[in-house]
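Good morning. I will go through one structure, starting with how its chains meet and ending with an annotated region.

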Protein chains: 4
Amino acid sequence: MPKIVDHEEYRKELLSKCFEVIAEKGYNAVTMRQIAQRVGVSTGTLYHYFPSKESLFEQLVGFVCEQDSFEFMSRTAHLESVSERLRVGFELLAEREEYFQHQTLMMLDFARQLSLEEVNCNETLQGSVEGTEQGIMHCLGIDDIELVRFLGNFVDGLLLRRLYVGDRTSIPRQAALLGEMLQAYLASKQAAPTEPSVEPPVEPPVEIPDQALKQTLEKKLSKELDTAALVGQEERN
Amino acid sequence: MPKIVDHEEYRKELLSKCFEVIAEKGYNAVTMRQIAQRVGVSTGTLYHYFPSKESLFEQLVGFVCEQDSFEFMSRTAHLESVSERLRVGFELLAEREEYFQHQTLMMLDFARQLSLEEVNCNETLQGSVEGTEQGIMHCLGIDDIELVRFLGNFVDGLLLRRLYVGDRTSIPRQAALLGEMLQAYLASKQAAPTEPSVEPPVEPPVEIPDQALKQTLEKKLSKELDTAALVGQEERN
Amino acid sequence: MPKIVDHEEYRKELLSKCFEVIAEKGYNAVTMRQIAQRVGVSTGTLYHYFPSKESLFEQLVGFVCEQDSFEFMSRTAHLESVSERLRVGFELLAEREEYFQHQTLMMLDFARQLSLEEVNCNETLQGSVEGTEQGIMHCLGIDDIELVRFLGNFVDGLLLRRLYVGDRTSIPRQAALLGEMLQAYLASKQAAPTEPSVEPPVEPPVEIPDQALKQTLEKKLSKELDTAALVGQEERN
Amino acid sequence: MPKIVDHEEYRKELLSKCFEVIAEKGYNAVTMRQIAQRVGVSTGTLYHYFPSKESLFEQLVGFVCEQDSFEFMSRTAHLESVSERLRVGFELLAEREEYFQHQTLMMLDFARQLSLEEVNCNETLQGSVEGTEQGIMHCLGIDDIELVRFLGNFVDGLLLRRLYVGDRTSIPRQAALLGEMLQAYLASKQAAPTEPSVEPPVEPPVEIPDQALKQTLEKKLSKELDTAALVGQEERN
DNA sequence: TATGAATGAGAATTCATTCAT
DNA sequence: AATGAATGAATTCTCATTCAT
């Protein structure tokens, strides 16, 4: 009759407790002792659940990304219009900015000690990214993978850039601008539907995986996109 | 005082040689010995020119921030059309991707140990960012500062994200998409200038240094934007 | 007190199961967890039966010393000729080489942490050695204690040396050589009894327990020693 | 102009200083800190010269064996008769018993953490053993490799056994006995030269590599062997 | 000025032992 | 009795920094 502990569950609990310290200071700047202290266990316990600092870190990356997808989903699932979802998404971003910054920094920290090849092969990393991309696709109803990645780049850039440009840039203002650009872009696409288009030498700019789905969704998107909704409390300057 | 000149000069030479290693691995992950080795000197020499690792890092940040982004200018100054400039800009980005990643990573590394307030006050950081923003404005002839920052966010996000998403995202494809979005966005703006506003050419939203250049460029932009040009050797997927 | 019987019995069972791991890796190199795993219990159980690692080790030494060398007796008791006994003895040695190595290693491990004086006084150790010497005397019918110890040194050296010289040395080949040397030596002794001595059958040099056996055997020895018999399957190189 | 230190030379100096501590306590029982303290340097310095504890240990094994061969050679080289050499050899053994025990223990310690296969492949180990065997061959003028190994087994057994049997066994007495056995054995070989022998079905017990050399040397050996010389200060009991 | 050997505090990790269940 | 989770001191190893040359 051992001490009754659900190993898996407790492991996850530890992970979520670890996140703050590790992400804040950075993988290399934080020590296992510091982590253990902040989490409230001994280093031995940490090593009881994770074979090494690196492994703890890797598991943390996977764990946090998973959590995120869930949160985004649950926050936006009930919303009807895409523009609403976008708005709520950026609201969440602004609200928990530090958290998302930490998370992105963690992925950078992690990836930085790998070679490009290793990054491409690393299951945790690729799984996390894949999950996030899928999350965005579902939440926003976009199925142009290139557009999804565009959003990813933009959002991560926005988060990270705010770390070193400070208040020069603002989430609501940038969100609003993104909304406008999306609207314009999608509208233009509809006007000149490049894919099943008839205009002869206009090359199809992006090959879209799931055509059927995409067609309807994008139409919906351009109509619904209500830029104003994206601007939060802050007014545009 | 020829000696001092030599000393200073050599210090800068060392700094520029340090850049790559430190940026690549990160301040905390790289050791002074590794730096010394890559630079080709002894640790003693490093300590002869820099009082500490931290100081070396700070000086390096300053050094990197100084010599910024003027390559963009020189590469694009002679180009007439904005789309050309965008294309060449992203070409440069792809070509020297690692360098730009390193630059951004350094600023992140540095800013990370500062509070938001400190970031806002830090002259080195703000000066560098200011310079970059001005650079983009000049080069592309955009005077909407929000749009400039949008581009900054996007570009930095693209660069950094590639570090952890690996080859999932590609510079040329994303550049092409950005081109299309810009085109659509600017076109829509021209059609219905500044959202609820009616007064057409009223406010010069941001003060642009190089007026002459700016004047015509923005008009041209929407017409000229030739998305295809942005797609480099790679085909869109 | 049936519980106590069970407890004691199980303790011994645990000891015998511990033997292999501990002897193989060495007291200092093996961990309690490794021991527990190989034995198939938890560390908690180990500590339930033994107050500490050190105590476990000491009890193990005692245990191993106790149950010593009687296999030799039982295997060789029925054999008439000495050469046969030698042959069978070395066969047993080769067969259970690892076991004997482990036994010797344990005694080394144990003795190593004692001073020479302590070794001389330690009853467990001396008892075990005494028993082994007596065993050899009985088995081979040798009553020259110096010769018995010579054999002990040789056998232990052979066992241990194989641990670090590897396959350079082989039990059958060395056994054969030993047989030849013994034969030559005993023959020479008979021819010129005890070096400068003249009195032929004078002193019974060492007290031998089993006289009956001894009496005839030594005479036989030199005649019978049939070297070839000692060479096992392996040919001499 | 660095601090002037002959890296190689100092490494060897460190090795020889390390020997005592490591051999005495055993590889696993001694800590790097203890070693450093006893040697009189910092742990950092130890790691400056040796990449790991294991490597230090391995180099030590090689180093010490090399030293030994030298010592044996230099001590016996000037002696004419083989029996003299044997005598002096055992004198050296008795004189520096602890040292040789330590050395043998070290090899055991080292080999113990390897598998049999690894032992067979390990260059340091095999090199050391090979060197020692060659040393004995040259010193004693024996070229029957099996006999050389017999001596190795016996000597190592004698050394190690004394660790746990204590004073029961004595180097001089055993050395004397070995002398007698060798004499008897070699004499018997000469009487019935099994190799180029004429006696028909007498099987050649040992196949000797270098026949020519061996033949003369062994003849010399049996004549010269003066057993009495081997008994040191101690009388036979 | 330049070197790299030397240092030792501190990092990651291990492990004997305890103890709640 | 039995388990194995938890502990933290101790271990191996690292690294910024100093300093003799």
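A word on terms: two residues are in contact if their C-beta atoms, placed from the backbone, lie within 7 Å. This is a predicted model: local features need pLDDT of at least 70, side-chain atom pairs count only at pLDDT 80 or more, and totals for chains, interfaces and linings use all residues. Residues are numbered from 1 along each chain as its sequence is written, while chains are lettered from A and ligands numbered from 1 in the order in which they are written.

Take chains C and D. Of the interface residues of chain C, 89% are also interface residues in chain D, so the copies meet through the same surface.

Now chains A and B. Their contact takes 46 residues from chain A and 44 residues from chain B. On the chain A side, α9(A) gives the largest share, 16 residues. Helices here are DSSP runs (H or I, at least four residues), and strands are too (E, at least two), numbered from the N terminus.

Last, the annotation. UniProt, in an unreviewed entry, lists residues 8-68 of chain A as "domain: HTH tetR-type"; positions follow the numbering used here, feature names are shortened, and annotations may be inferred rather than shown by experiment. In the model, residues 8-68 of chain A are 80% helix and 0% strand, with end C-alpha atoms 19 Å apart.
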